[in-house]
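Hello,

Here is the structure I promised to pass on to you. Please open it alongside this message, and my notes follow below.

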2 protein chains.
Amino acid sequence: MNEFTSRIPDATVRRLSLYLRFLEDFERLGVTSVASVALAERGGTTAAQVRKDLSHLGSYGKRGLGYSVDELTGVLRGVLGLDCTWRVALLGAGRIGTALVEYEPFRRRGFHITTVIDNDPCKVGTRLGKIRIRGQDELEDVLREDRIDLVIVAVPAPVAQGMVDRVVAAGIKAVLNYAPVQLRLPADVALRNVSMLVELESLSYALARHRQ
Amino acid sequence: MNEFTSRIPDATVRRLSLYLRFLEDFERLGVTSVASVALAERGGTTAAQVRKDLSHLGSYGKRGLGYSVDELTGVLRGVLGLDCTWRVALLGAGRIGTALVEYEPFRRRGFHITTVIDNDPCKVGTRLGKIRIRGQDELEDVLREDRIDLVIVAVPAPVAQGMVDRVVAAGIKAVLNYAPVQLRLPADVALRNVSMLVELESLSYALARHRQ
DNA sequence: TTCAGCTTGTGAACGAATTCACAAGCCGAA
DNA sequence: TTCGGCTTGTGAATTCGTTCACAAGCTGAA
């Protein structure tokens with residue numbers, strides 16, 4: 001097994017992302033070696049699950065010892081594509097967009113938001129942090145000029161699909177969607193949805209059951 | 001099958017939440033009856049999946065016709081616990097917290113953020129929209145006074161666990177976590193994580209694979 | 001009333017993900 | 001060197017979720 005021959009299941013990729021976070025914590029604490037059971041405790045899963053997940057990457061553990069924090073951190077960064085920086089454009093400079101631009105962990109992980117686009121003519125030309133907001137008519141141009149790899153959608157639901165169609169036509173292959181709509185796009189474009197409402201409603205379901 | 005005898009799988013609950021959104025769109029358009037295949041197209045899934053999901057709720061479809069938009073909307077609201085209002089407290093009045101307080105869809109669905117708590121003494125006493133920000137020393141008191149059902153965590157990672165422990169001790173049974181940490185809490189408390197980083201990193205993985 | 005055309009609800013088949021269980025391997029102590 | 005205590009990596013078993021396929025049932029037309 002290695003990172004090239006086989007696709008890693010999505011559920012596993014998401015956990016790898018968590019493991020990386022834990023490893024960075026361990027690194028900060030000066031821990032040099034970590035067993036699957038320690039990662040499992042931290043992540044609320046089982047040791048077998050951790051080992052199965054990590055086995056997708058190859059054989060980086062030492063029997064009797066566990067995993068080298070240093071080595072595994074590097075491997076995970078590599079597999080997850082975090083050993084380079086990704087250039088990100090944000091569509092929508094509303095409240096959510098604004099919060100995302102200034103979200104430190106993104107930059108720390110190599111996601112650089114270089115470009116912000118908004119439909120509101122009042123906002124175009126003003127600055128969000130250090131970034132000058134561009135108008136939607138410039139969309140295709142700035143995606144090319146700024147060599148954007150990935151687009152975050154944080155515009156109101158009704159305009160999301162239209163903008164994403166243009167983004168896809170411009171050749172972007174990865175979209176992170178915060179708008180409360182189900183976007184339709186070609187199979188070769190990766191899409192993740194961050195749905196505040198879906199999560200909240202599944203909690204509501206749990207609460208409603210709880211009290212019969 | 002009905003909503004009391006059997007627990008609905010989590011994956012299904014999340015899709016129910018989407019179906020409800022689609023039904024509301026159909027309702028606005030004046031459509032009165034909808035077939036599983038229409039909901040499937042809208043949600044990027046299959047008609048069989050939709051029917052299997054809805055079969056968890058009981059038998060609300062009419063063969064040859066589909067589902068009554070009105071009736072199914074009501075049933076879904078009921079099952080998801082959206083036929084009442086939930087009182088929500090927000091921990092953390094940072095950028096993410098601020099964006100969440102003002103997020104319209106929450107209120108429209110019956111989630112009323114009545115309470116905001118922040119650790120920063122400079123913020124305590126100031127207002128976020130109409131809500132006066134309270135200090136963390138008041139946490140237990142306001143949770144009780146405001147009869148909070150559900151807590152949204154949007155504080156920095158290092159302080160999240162400590163605050164959630166107090167929230168759980170105060171009897172709260174549902175937590176929505178935006179902080180980039182894995183919270184540990186008792187099994188009878190429902191927890192959902194909204195992890196911006198995990199989603200972004202799984203896109204990064206897709207991109208990295210894409211170009212070998 | 002009968003028939004054609006749809007669409008649901010669901011057991012059964014299938015597939016994916018998780019858990020189990022254990023051989024293989026490393027380390028440090030004696 | 002040998003042994004005991006750990007821990008990995010992985011087939012096999014199991015559980016969970018999705019898809020298939022079709023009988024049952026509704027509607028409207030003739």
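Let me start with Ile133(B), which, leaving aside its neighbours within four places in sequence, is in contact with Ala93(B), Val116(B), Ile117(B), Asp118(B), Lys123(B), Val124(B), Gly125(B), Thr126(B) and Leu128(B). Please keep in mind that this is a predicted model. Ile133(B) sits in strand β7 of chain B, and its relative accessibility of 3% is under the 20% cut-off, so Ile133(B) counts as buried. One of its contacts, Asp118(B), is 15 residues away in sequence, with 6.7 Å between the two C-alpha atoms.

β5(B) and strand β7 of chain B, residues 131–135, pair in the parallel sense over 3 bridges. Within that pairing, Ile117(B) has Arg134(B) in β7(B) as its bridge partner. β5(B) also pairs with strand β4 of chain B, residues 86–91, again in the parallel sense, over 6 bridges. There, Leu90(B) has Val116(B) in β5(B) as its bridge partner. How much of strand β5 of chain B is covered? Most of the strand, which spans residues 111–118: 6 of its 8 residues are buried.

Now to the two copies. Chain B can be laid on chain A by a turn of 180 degrees with a shift of 0.0 Å along the axis, giving an RMSD of 0.1 Å. The two copies are therefore related as by a two-fold rotation axis. The same surface serves both of them, since 100% of the contact residues of chain B recur in chain A.

What does Phe106(A) touch, not counting residues up to four places away in sequence? In chain A the list is Leu100(A), Phe111(A), Ile113(A), Ile152(A) and Tyr178(A), and from chain B come Met196(B), Leu197(B) and Leu200(B). In soluble globular proteins, nonpolar side chains tend to be buried together.

Turning to chain A as a whole, there are 9 helices and 10 strands. Of its 212 residues, 50% count as buried. Its C-alpha atoms fill a box of roughly 60 × 50 × 35 Å, taken along the principal axes. Among the contacts in chain A with a separation of 6 or more, 57% are between residues 24 or more positions apart. The domain assignment gives domain 1 (10–80) and domain 2 (86–198) of chain A, and 31 Å separate their centres, taken over C-alpha atoms.

Chain A also has an open sheet of 3 strands with antiparallel pairing, in the order β1-β3-β2. Its edge strands are β1 (33–34) and β2 (61–62), each of which pairs on one side only. β1(A) is joined by 2 bridges to strand β3 of chain A, residues 66–68, and the two run antiparallel. Val34(A) stands opposite Tyr67(A) in β3(A).

Is Glu24(A) buried or exposed? Its relative accessible area is 15%, which is under the 20% cut-off, so Glu24(A) is buried. Glu24(A) has its place in helix α1 of chain A, residues 10–28. Leaving aside neighbours within four places in sequence, Glu24(A) is in contact with Arg77(A) and Arg109(A). His56(A) lies in the loop between α3 (47–55) and β2 of chain A, and at 15% relative accessibility His56(A) counts as buried.

Last, a word on the cysteines. How many disulfides does the structure hold over all chains? The count is 0. Cys122(A) has a relative accessible area of 63%, over the 50% cut-off, and so is exposed. Cys122(B), at 66% relative accessibility, counts as exposed as well.

Enjoy exploring the model, and do write back with any questions.

Best wishes

Conventions: Residues are numbered from 1 along each chain as its sequence is written. Chains are lettered from A and ligands numbered from 1 in the order in which they are written. This is a predicted model: local features need pLDDT of at least 70, side-chain atom pairs count only at pLDDT 80 or more; totals for chains, interfaces and linings use all residues. Side-chain values use heavy atoms; hydrogens and water are left out. Domain bounds come from an automatic or database domain assignment. Buried means under 20% relative accessible area, exposed over 50%, partly exposed in between (1.4 Å probe, protein chains only). Helices (H or I, at least four residues) and strands (E, at least two) are DSSP runs, numbered from the N terminus. Two strands pair if DSSP finds at least two bridges between them. A disulfide is a pair of cysteine sulfur atoms within 2.5 Å. Copies are superposed by least squares on the C-alpha atoms of residues with pLDDT of at least 70 in both. Contact means heavy atoms within 4.5 Å.
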